[in-house]
Amino acid sequence: MLSNVARQSQWVQCVADVSHAEPSTRHVLRTRKQKIKDFLTFPLRAVALFEFDRWGLTSLRSERFDYAAPEVRGHCLDVGCGRHDLFIAKYCRRHGKGIDVYPYEGLTEAHLVEDITHFPFDDASFDTVTFIASINHVPRSKRDIELAEAYRCLRDGGNIVLTMGKPVAELAAHLAIYTYDKLFGTNHDVDMERGMEDGETYFVTEREIRRRLTSAGFVDIGRKLFWTQWGLNRLYIGWKPQLSARARLPVGHLPPLDSRLREAPVMAALGS
Ligand SMILES: C[S@@+](CC[C@H](N)C(=O)[O-])C[C@H]1O[C@@H](n2cnc3c(N)ncnc32)[C@H](O)[C@@H]1O
């Protein structure tokens, strides 16, 4: 029998030991039929299914993972991973790392980052960085710092993926989960468990997300609506440009930073 410590260190080893192949998420993603059921039952799900799938319906947590997973481009860093590091474990098949500031159930030392203003990873060591329902929990004064860290840890051409609901939906969701826990004695509210810090907020506006992503250096910022949540929740994607290729160009000959630079070498973007 393996001791707990041995089992844990084996598990940590397994988390650390990941390759750079594209993960397949097809095994966990929802079918179209499931999405239609989830769309029709959204009001019920919004007040009763926070973390666990039940009654043949998808929880809000699984749903945000379901939207974020197809945007992952390879080795993924999930910032503010929450209990059990589920996004990396299940939706990325452990092909990446989850980090957090609080020792939630299912996390080990390997997940905890004492000084979150410095991500303990090398430059350009991830293909995607995700902030799933977590950017509002980064205190305001640290948001730019953490986004700059995400940028540093991403490879050129990699992407950042954030999910954040509309302000009114985020306020309603936090209230619903708080009320549910009070009524039924459950413990779904991870923010209550940790205790919110000064500068954390219940939502971040689209304007703020775009502004902070732009000032961190991300380009081609796009948005996708969660249609199964009636458009009330969203996903934002930004890209780290192929700066190393740009840096090789003589000053005054830089092409505009657009989507072509993500996919194609700079010379192709220049048309030569
Ligand atoms: C609402 S939970 C989301 C958890 C998980 N990503 C999910 O979607 O279920 C917000 C998470 O942000 C984490 N968090 C708090 N402060 C943070 C910070 N400064 N940087 C990154 N994450 C932070 C919390 O500990 C928590 O796990």
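Which residues in α6 meet which residues in α9?

Analyst: This is a predicted model, in which local features need pLDDT of at least 70 and side-chain atom pairs count only at pLDDT 80 or more, while totals for chains, interfaces and linings use all residues. Residues are numbered from 1 along each chain as its sequence is written.

On the α6 side the residues are Arg143, Asp144, Leu147, Ala148 and Tyr151, and they meet Arg212, Leu213, Ser215 and Ala216 in α9; two residues are in contact if their C-beta atoms, placed from the backbone, lie within 7 Å. By class, the residues of this contact are five nonpolar, one polar and three charged, where Ala, Val, Leu, Ile, Met, Phe, Trp, Tyr, Cys and Pro count as nonpolar, Asp, Glu, Lys and Arg as charged, and the others, Gly among them, as polar. An α-helix has 3.6 residues a turn, so residues three or four places apart point the same way.

As for the geometry, α6 spans residues 140-153 and α9 spans residues 206-216, and the two pack at an angle of about 50° with their axes 9 Å apart. That angle makes α6 oblique to α9, since under 35 degrees counts as roughly parallel, over 145 as roughly antiparallel, 65 to 115 as roughly perpendicular and the rest as oblique. The axes are lines fitted to C-alpha atoms, for helices over the stretch in contact, and angles run from 0 to 180 degrees between N-to-C directions. The crossing of α6 past α9 is right-handed, a crossing being right-handed if the near helix is turned clockwise from the far one by less than a right angle, and left-handed if anticlockwise. Helices (H or I, at least four residues) and strands (E, at least two) are DSSP runs, numbered from the N terminus, and the protein has twelve helices and six strands.

Helix α6 also takes part in the ligand shell: α4 (60-68), α6 and α8 (190-194) each supply at least two of its residues. The ligand is surrounded by 19 residues, of which Gly80, Gly82, Ile132, Ser134 and His137 are the closest; a residue is near a molecule or strand if its C-beta atom, placed from the backbone, lies within 6 Å of it. Nine residues of this shell are nonpolar, four are polar and six are charged.

Of the other helices that supply the shell, α4 is mostly covered, with eight of its nine residues buried. A residue is buried if 20 or more other C-beta atoms lie within 10 Å of its own, exposed if 12 or fewer, and partly exposed in between, with C-beta atoms placed from the backbone. Among the buried residues of α4 are Leu60, Phe65 and Tyr67, and the elements that its buried residues pack against include α2 (32-40), α5 (86-91) and β3 (126-132).

The loop between α8 and α9 holds Asp198, which counts as exposed because it has 7 C-beta neighbours inside 10 Å. The C-alpha atoms of Asp198 and Val138 are 9.7 Å apart, although 60 residues separate the two along the chain.

Asp85 lies in the loop between β1 (76-79) and α5 and is buried, because 24 other C-beta atoms lie within 10 Å. Ala124, in the loop between β2 (96-99) and β3, is partly exposed, because 15 other C-beta atoms lie within 10 Å.
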